[in-house]
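Hello,

Here is the structure I promised to pass on to you.

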Amino acid sequence: MPTIELLWWEGCPSTPRALDDLRAAVAEHGLDPGVVVVREVATDDDAAREAFVGSPTVRVDGEDLFPPGDDEPVGLTCRIYLLADGRISPTPDPALLREELSRRLTA
Amino acid sequence: MTTGTAAPTFQLTDTTGREHELAARAGSPATVIVFTCNHCPYALAWHGRIAAVADDYAGRDVEVWCVSSNDAARFPADSPEAMRERVEAEGWRMPYLYDETQDVARAYGARTTPHVFVLDGELLVRYEGAPDADHDDPSLDAAWMRSALDAVLGGSQPDPAETEPVGCSIKWRP
């Protein structure tokens, strides 16, 4: 069973939506949405230890579903995602999330 | 900050070095203060809609002032240099003011980026909250902000006068 994690920081209000989208994507793969591990990143030290580039971050077996660029700074911040149509969003595009999750789970 | 109360006056510098003094806007039809920043996806998602309001109402002597109050030491993307680079790269027509001491954000009770305050000609706060109901729906076109401005320009009370601001928390200094 893969480990699917949502890492979040309280400074961003995007967690509920990101978690709903992730749980829906997990359920589409026939997995129990309850397998999603939700972990708070609360301090700068936590962020450094986790190589956390922002909230929300989704990882499967420790690998970021949307790998950040090398120049992406680690820290307590809100993560910027691009939707499929190019718009900026605080959460991953649900369709891209399903697609990436599927790719990781079937790899 | 309660609507109907006097907006705290301030004087801040924009990315070109020009000073902006709120008191000088007294007697103008309306002024909008938007607490925003560079690094927040909510602020970025709403930015185009806010800029469109500034353009659409400029001919009626309405000014939209953007203010960044975030702690630039912890969030370098919100540094004055980064603000200037963004204004130049994106060709902003709104002033982007730097609230280095965070006194202005504190005085307004700004909580998020973005957080919008619409002021009337007497510099009373007539609307505060979000630009519209959903950062993820561009078709809403900053409807709450526009409706508040229309009300102020028409001499009536905005409805709604207050909404819940949504966005990243203001990054206060430790």
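Below is what I found, starting with a word on conventions and then going through the two chains.

This is a predicted model, so to speak of local features I needed pLDDT of at least 70, and side-chain atom pairs count only at pLDDT 80 or more, while totals for chains, interfaces and linings use all residues. Residues are numbered from 1 along each chain as its sequence is written, and chains are lettered from A and ligands numbered from 1 in the order in which they are written.

Let me begin with the sheet of chain A. Four strands form an open sheet in the order S2-S1-S3-S4 (chain A), with mixed pairing. Helices and strands here are DSSP runs numbered from the N terminus (H or I, at least four residues, for helices; E, at least two, for strands), and two strands pair if DSSP finds at least two bridges between them. Strands S2 (37-40) and S4 (63-64) of chain A are at the edges with a single partner strand each, so one side of each has no neighbour in the sheet. S1 (residues 4-8) and S3 (residues 57-60) of chain A are antiparallel and joined by four bridges; in S3(A), Val58(A) is the bridge partner of Leu6(A). H1(A) packs on this sheet and touches S1, S2 and S3 of chain A, its direction making about 175 degrees with that of S1(A). Axes are lines fitted to C-alpha atoms, for helices over the stretch in contact, and angles run from 0 to 180 degrees between N-to-C directions.

Next, the helices of chain A. The axes of H1 (residues 15-28) and H3(A) come within 9 Å and cross at roughly 45 degrees. The two helices are therefore oblique to each other (angles under 35 degrees count as roughly parallel, over 145 as roughly antiparallel, 65 to 115 as roughly perpendicular and the rest as oblique). On the H1(A) side the contact is made by Asp21(A), Leu22(A), Ala25(A) and Glu28(A), and on the H3(A) side by Pro94(A), Leu97(A), Arg98(A) and Leu101(A). Residues are in contact if their C-beta atoms, placed from the backbone, lie within 7 Å.

Arg104(A) is also found in H3 (residues 94-106) of chain A. Leaving aside neighbours within four places in sequence, Arg104(A) is in contact with Val60(A) and Leu65(A). Leu65(A) is 39 residues from Arg104(A) in sequence, yet their C-alpha atoms are 8.1 Å apart.

Now to chain B. Seven strands form an open sheet there in the order S2-S1-S5-S4-S3-S7-S8, again with mixed pairing. Its edge strands are S2 (19-21) and S8 of chain B, each pairing on one side only. S8 (residues 125-129) of chain B is mostly covered, with five of its five residues buried. S7 (residues 115-120) of chain B pairs with S8(B) in the antiparallel sense over four bridges, and Phe117(B) stands opposite Glu128(B). Four residues lie between the strands of this hairpin, where Leu123(B) takes a positive phi near 60 degrees.

Finally, the two chains meet: eleven residues of chain B are in contact with eleven of chain A. On the chain B side, H1(B) gives the most, with four residues.

Enjoy exploring!

How values were computed. Buried ≥ 20, exposed ≤ 12 C-beta atoms within 10 Å, placed from the backbone.
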